[in-house]
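Q: Hi! Could you walk me through the salt bridges in this one?
A: Happy to, here it comes.

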Amino acid sequence: MSNSSLSSLPSTDRPEVAARLRDALIGASFTADGLLDLLGAPAYAALARSEIVPALRATRGDSPLEALVRLFLLQQPVPYARVADVLPVDDCVDSGWLVRAGGDELAAAVDVRPYGGPDGEDWFIVSDLGCAVGGAGGIGSRAEGVVLGVGGASTTLAGITVRTPVTSALDLGTGSGIQALHAARHATRVTATDVNPRALHITALTLALSGAPAADLRQGSLFEPVRDDETYDLIVSNPPFVISPTRLPPPPSAESLRDAPLFARLTYRDGGMGGDDLCRTLVRQSGERLNEGGYAQFLANWQHVEGEDWQDRLRAWVPRGCDAWIVQREVQDVTQYAELWLRDAGDHRGDTAEYQARYDAWLDEFESRKVKAVGFGWITLRKAAAADTEPVITVEEWPHPVEQPLGDAVRAHFERVDYLREHDDAALLAAHFRLVEEVVQEQVGLPGAEDPEHVVLRQNRGMRRATKVDTVGAGFAGVCDGTLGAGRILDAIAQLVGEDPLALRDRTPAQIRLLVEQGFLEPAG
């Protein structure tokens, strides 16, 4: 994309204008809380679906906040006098935040959407007009370099990211700068990269308008902009993970294959590599870019290939020297997947024959690669502190509801990995454990039965896991308050149930290990 395409965006050369604009927006309650109060929950939720009619109905008054909502969120022209009452209007026009819309009206040059930070910060996410909602929301834009705003994928990644203080963080494929904005809260130095120069420009606007420190912005694909000697404590990426065909067939009107259009690549979602190679490459190259103890966290799509175990396939992605936790959140068959992303680009609104040809091309691509489904989920790497440490790679499917944010739960997962790696069965029996808060027990069986068929322990926080245990496991977990060692608890249970204590000590460590691994028990002290 040429630099001339950046001329339609606000200038980054006058940070004082962004600061004044920020103060004016907050002063008029143009914040996440202010919008909810003004619009009401139904209209506010409709905005996340790119539906503006309810918000238009809710902003027919003459208050400053209603003018700002119409201007920056709904992309409606607003009379100059109304804007001048609330914003430094001449500076905003000179810097390109606002443009004259004919007559005596002004329009926004970009979408500006309030975004509440994790500690109540008033942030603002800048994106291209009409593209405030990211992901597969059906924005219907085929502009190659379009920059999206906040979507479900970006908030998911922000929620699962480990938020410990770090010296250096890398946001790879920054888009509108959401991950860089979050990282600026706990990283001394933030680097943000993107292949799209328009995205880098918009990231600078997002950070400035949110009152965050500027990031080191670099253009390039994957790790190309990173110097050979640079490593990071945290790497995050919501990459262009969509598995899309690299070439589409000619439309029905084409006279020959020479007229066949290349696949209309959308930079924000299509990586340009075959299959899931982009996600695999990103994961494999991250290991050498992490400092010891550092985390790399990504969203990704991966192929379910006929004749291959998808879990083994993902284990092969993990670089040497890294522990990994990979969670598959959703699986779609190839028809559902193709339809999702065809609608994202608005292809379903065009010529029916061309839509069908594009759909067919997606299925041809999957068939040629023997792909039967596509998985979506989270990948977290943690660089081991010692090179000779045997890595622990956990790959699981968990499509159930979770409680965000999960950053602390992710960090705790790897702390448990370290603990279990360092404790053999004898050490587990000597250790003291506590039952994690908000774990409940459910007994499952036929009504009136004297004993349950099985017992389920269920978490009400974090991953909200549920696991079956036998009566010994349930009794053991219920007694764990950090006072007695695991072995002494088992001896007492053996006496109660009339079982050989040595036999119980021999067979129970595996169950203790599972309860610790899944976060039901935690080491005391």
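A: A word on terms before we start: buried means under 20% relative accessible area, exposed means over 50%, and partly exposed is in between (1.4 Å probe, protein chains only). This is a predicted model, where local features need pLDDT of at least 70, side-chain atom pairs count only at pLDDT 80 or more, and totals for chains, interfaces and linings use all residues. Residues are numbered from 1 along each chain as its sequence is written, and side-chain values use heavy atoms, with hydrogens and water left out.

Q: Which residue does Asp128 pair with?
A: Arg198, with the closest N and O atoms 2.8 Å apart. The two sit 70 residues apart, Asp128 in the loop between strands S5 (122-127) and S6 (133-134) and Arg198 in helix H10 (residues 197-209). Helices (H or I, at least four residues) and strands (E, at least two) are DSSP runs, numbered from the N terminus.

Q: Are those two buried or exposed?
A: Both Asp128 and Arg198 are buried.

Q: New topic: what about Arg227 and Glu230?
A: They form a salt bridge, closest N and O atoms 3.1 Å apart. Arg227 counts as partly exposed because its relative accessibility is 49%, while Glu230, at 12%, counts as buried.

Notes:
A salt bridge is a side-chain nitrogen of Lys or Arg within 4 Å of a carboxyl oxygen of Asp or Glu.
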